[in-house]
Amino acid sequence: MIPALPKCMLPLTWDSPSLGLAKEFIEYAVSVCKPDEVMVFDGRRESWIQSCEDLVKSGSFLKLNPYIWPNCYLSRSNPVDVARSEDRTFMCLKDGETLYRKPHNQIPPQLGFKWGCRAGEYDPEKKRELSTEEMRQCLLKRFEGCMVGRTMYVIPFSMGPVSSEFAKLGIQITDSLYVVANMYTMTHTGMGIISKIAEGSPFVPCWHSTGFPLEAGEKDVCWPCRLLPSDRYIAHFTQPDPAHPRLGEYSIMSYGSGYGGNAILGKKCYALRIASNMARRDKVKWMAEHMLILHVTYTPCIGIDEVTKKKKYGPAEYFTVTGAFPSACGKTNLAMLQVPKEFSDEWKVSCVGDDIAWIRFDSKGRMCAINPESGFFGVAPGTSDYTNRNAMETLRGGNTIFTNVGVTVEGDVWWDGLTEDPPKGLVDWRGHRMQDDAWRDEDKEKEKMKKKQFIKSAAHPNSRYTTPCAQCPIIDPEWNTGKGFPIDVMLFGGRRSQLMPLAVRTRDWNQGVLAAATLRSEGTAAVQDRVVGTLSFDPMAMRPFIGYNVGDYFNHWIEMGKMASDQYRPDIYVVNWFRKDAEGRFLWEGFSENFRIVRWACLQAKERREGKECASSSSCTPSSSSSCAASKCCGAETPLGYAPSPCALGLDLKSEESKHVLKDPSILSVCECKCEDGKCVVGKLLDDGWFNELKERKAFLELLEEDLGKELKKEFNELVDRFASAGMKAPAEMKIEDLHFQLE
Ligand code: GTP
Ligand code: SPV
Ligand code: MN
């Protein structure tokens, strides 16, 4: 039975024609999910506060101390539901279309993943993955009666400011008030979206349920979810539902989890997986990428005014840098970067977005990015006033939901890295009171171990904060205007404790696309059940978010490069903040210091803009210890691309300060670099791991079989040849040529 009236804070009647197609979706969802009542979330701040207060009343939220954390709340998830369930994520495409041609169980295990996202669940009886319509039926069966005894919340939302031409609309139905509260911060919500839908704007129906109906009289739990991982489904459809074709091609059905990207459907599900599919399909091509967006202003000092004795500055120049790093690999931190003091006179940065970039061409052929989100869903551990003061200030602005962090009896929060020592009176993320000072020991070595253990159990490693972008002290004034920021530089980076150098600039677009396509990274806690530290391929940091065939996705990148104007095509860099020494210590200071790479890249973009050929400077090689004035030089050309010199990064390796930032200059390049006859000469390879690395990259690319275009195969062969010229040797049983792709 369909309830008579959806409740909401604005006049709206169930039969109102102003609901348009939204009505068809809500009625459909109600008839399947059978909630006791329906509420429309109207997107007002009062309604957000009301939702949070209701969550406090039901015991799902804890109100934090308002003197420290105004309007802030703590939520604790069920310990089995703490991160994205990548292996339960499905891209259900047109039948016959898959992300990889090989079924997931034939993907070689050494590639480090089995699922991009899978096309359908594997059915052991049928001995194949379910088809798209079988998956839809499977999901509809799960949703059948899933909201009995509960309220269905209806959230109209927009990804991108509603007024922007980039904006895309959705309606999420959910039985989780926690999800409502998060969607309010992370997306643009409000009744204006219903009006737009009524006027005919398309929207994506987004189904979400925790899969925990309540029998009459049954007491609710604080975090409803399905306990068995195999009971969770995060499914994406790109074909119309045959029963409701008017609702359009796209829909999302997420069942069984209440956490993050599994449940806040505007984010990874819509703004990446569905949007990337739309971006390739739409007549005017665009891209949806897993990228932060940083806006940089450079006002060069051009001398001293003779009269006032004050510095004179030239006109400001602007740059946009995007960065694609896998989950928990540094996007949010780079997006809120603090410029080191020594550069802050001439350089300023502002944050446009920290996770997702939608990229379209403007009339000049520039690739322009917007941030479709309106909040940050950031990793808490590691965030502090030392590492990321801007993030801390954002949180201190209030209106923040913390999930799975530790809390003190005073109602303050705590996680690994927030302060040097854990505070007294700590309650861990599962709600257990921790014994004060239990980590102290007279034996200092023992104390170190005990402290590490203690700290680790306070907050979950994937504990998060949900906080409004608008509160970030360095948010760009135009972040939310819908204006696209023309991209100058794209950074790609993974977590690689070995082999990969700190930074390289690739020579051109196709070389950069190959480098990004073969990005690898060590696993983090952001993914449920992933072994932390194991190496896995993560092309463009998008492996779990690509919404169509991966070979076609790479080809789309190549095509986008061709469409860009020569003058404005972004430079592509590969970076790695995470090289470690044998003892497991980071060799690069990271955080603020990453600005050195941003600056180096912007200065090269400036040269390109000015039509200057970026030449490597003789006195400026990656391993040279002398300082030089050539801060703009692009450095030596290694097989991977141009490596920065210390001075290009503003480092003087003789100074203690620089040694603190860069503990081992050999991470600057894959080769020894020398200066001979005033020319930069690249010497022998520093690591003999490259043959194996290239072999594994080839195995990954081979997965794509005939879907992989010839441009990338050709680029790959050239990469192999450059390494061979640098002295890369094949192991006894193999030849260099084994690494080559056959090109017709
Ligand atoms: P998602 O939100 O999951 O997509 O992660 P993210 O890419 O936004 O990563 P984030 O910036 O939240 O950083 C993840 C973890 O890496 C945090 O614990 C950070 O403290 C840490 N981190 C970020 N940048 C650096 C860096 O430059 N060096 C080191 N050593 N750690 C870093
Ligand atoms: C990520 O895992 O990349 C996140 C967190 O940003 S979640 O939104 O849960 O996907
Ligand atoms: Mn992040």
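1. Basis. The model is predicted, with local features needing pLDDT of at least 70 and side-chain atom pairs counting only at pLDDT 80 or more, while totals for chains, interfaces and linings use all residues. Residues are numbered from 1 along each chain as its sequence is written, chains are lettered from A and ligands numbered from 1 in the order written, and side-chain values use heavy atoms, without hydrogens or water.

2. Burial. Of the 744 residues, 59% are buried (under 20% relative accessible area, 1.4 Å probe, protein chains only).

3. Polar contacts of ligand 2. Oxygen atoms of the ligand lie 2.4 Å from a side-chain N or O atom of Ser327, 2.8 Å from one of Lys268, and 2.7 Å from a polar backbone atom of Gly261. A polar contact here is a pair of N or O atoms within 3.5 Å.

4. Cover. The protein covers 98% of the 280 Å² of accessible area that ligand 2 has on its own (Shrake-Rupley method, 1.4 Å probe).

5. Shell. Residues around ligand 2 include Arg84, His290, Asp355, Phe377 and Arg464 (near means a heavy atom within 4 Å). By class, the shell has two nonpolar, four polar and five charged residues, with Gly counted as polar and Asp, Glu, Lys and Arg as charged.

Definitions and conventions
A polar contact is a pair of N or O atoms within 3.5 Å; within protein, one must be able to donate a hydrogen and the other to accept it, and residues adjacent in sequence count only if both atoms are side-chain atoms. Buried means under 20% relative accessible area, exposed over 50%, partly exposed in between (1.4 Å probe, protein chains only).
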